[in-house]
Amino acid sequence: MNAAHSNAAVRISHESWPALLGLATQEVFAIMVGTELTTAPEPFVESGVDMTSMVGLAGELCGVLTVRSTGAAVALIASKMLGVDPDTDAQQTWDAFGEVCNMIAGNFKHKIAGMGNDCMLSVPTVITGADYSVHSLAESGKISVNLLFEGHPLIVALEVHS
Amino acid sequence: MENIQVLIVDDSSVMRKIVERSLRQAGISIAQVFEAGNGVEALGVLNQAKVDLILCDINMPVMDGLEFVKQLPNVQNAKGAPVVMITTEGSENHVVQALTAGARGYVRKPFTPDQVKEHVLPVLAKKS
């Protein structure tokens, strides 16, 4: 495939990526958390969002996938995954949130034809707090999906570096 | 098989608990569950205990699941224990690599308890 064809294929693929990212997220929550997510109404309000989980992608697709939500939502996600009280310990809560991000990234790349074989995932990282900025050092595009988890904002974004 | 000893290898403690719960929901009779956060820890567990079944993630720090599975033929306490990979890495390449390395089954995350049952019960049946 020459460069022109390759670029065209990537552009076409990118058009479907937000829908695939949303679907990948919905499936992870339905199967592992036991909750159906809903589409967030516009205008979207991000109030209280203070937890971020992130997974790096390297290979044919390079970038970073992030999932952001509130601390209360993340505690609820962990409790639903484990079937325990929401007042579970912080380490376990971060672990669960990281795994959710990891599964969304894996499920998303699995849905992109031909991408799964040549794209590796990093282990997840969880950031607590809202007062931070991300500065990418590579030229990038970004897709983002705004959802609601039990009424809490849930923002899933993929920053694409190549 | 009744009252089996299981080793679950995953860098997420939450995922280890979910895998254990899925095995119990599948009706597998478990005597003891050993947990490890990576391949090196898992080899350490196998120095101390014999197991009947190993469930293993791929992407882990220190030693990943594929490398761990490649080491198993040299581990006496893992002899005859089937390995089922449970991982987000569901590509054809990863499946082939895992099966070539010695894994007997492959479950992609996210997974339902039924999917775990579907992939684990046949390998346990073959073992017994």
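Predicted model: local features only at pLDDT ≥ 70, side-chain atom pairs only at ≥ 80, totals over all residues.
Let me start with chain B as a whole. Its secondary structure comes to five helices and five strands. Follow the sequence and you read β-α-β-α-β-α-β-α-β-α. Of the 128 residues, 46% count as buried. Now the contacts. Take those in chain B between residues at least 6 apart in sequence. Of these, 66% join residues at least 24 apart.

Next, one helix in that chain. Look at α2 of chain B, residues 39-48. Which of its residues are buried? They include B:Gly39, B:Ala42 and B:Leu46. These cover an arc of only 55° around the axis, so they sit on the same side of α2(B). An α-helix has 3.6 residues a turn, so residues three or four places apart point the same way. Turn to the other side of α2(B), and you find B:Gly44, B:Asn47 and B:Gln48 exposed. What covers the buried residues of α2(B)? Among the covering elements are β1 (4-9), β2 and α3 (65-71) of chain B.

Now a single residue, B:Ile28. Find B:Ile28 in the loop between α1 (13-25) and β2 (30-36) of chain B. What does B:Ile28 touch? Leave out residues up to four places away in sequence, and B:Ile28 touches B:Ile4, B:Leu23 and B:Val120. For a sense of distance, take B:Val69. B:Ile28 and B:Val69 are 41 residues apart in sequence. In space they are 23 Å apart, C-alpha to C-alpha.

Over to chain A, and to strand β3. This strand holds residues 63-70. Eight of its eight residues are buried, so β3(A) is largely enclosed by the rest of the structure. Which strands pair with it? Take β2(A) to begin with, residues 49-59. Eight bridges join β2(A) to β3(A), and the two run antiparallel. They form a hairpin, with three residues between the strands. If you want a place to look, A:Leu57 stands opposite A:Gly63 in β3(A). Then there is β7(A), residues 152-160. Here the pairing with β3(A) is again in the antiparallel sense, over seven bridges. A:Ser69 has A:Leu154 in β7(A) as its bridge partner.

Last, the interface. Here 22 residues of chain A are in contact with 18 residues of chain B. Which elements of chain A give two or more residues to the side that touches chain B? They are α1 (3-33), α2 (71-82) and α3 (90-111) of chain A. The largest share comes from α3(A), with eleven residues. By type, the chain A side divides into eleven nonpolar, eight polar and three charged residues.

On chain A, see the enclosed strand β3(A). Between the chains, see α3(A), which gives the largest share of the chain A side.

Definitions and conventions: Residues numbered from 1 in each chain as written. Chains lettered and ligands numbered in written order. Buried ≥ 20, exposed ≤ 12 C-beta atoms within 10 Å, placed from the backbone. Helix = DSSP H or I, 4+ residues; strand = E, 2+ residues; numbered from the N terminus. Pairing = 2+ DSSP bridges. Contact = placed C-beta atoms within 7 Å. Arc of directions from axis to C-beta. Nonpolar A, V, L, I, M, F, W, Y, C, P; charged D, E, K, R; others polar.
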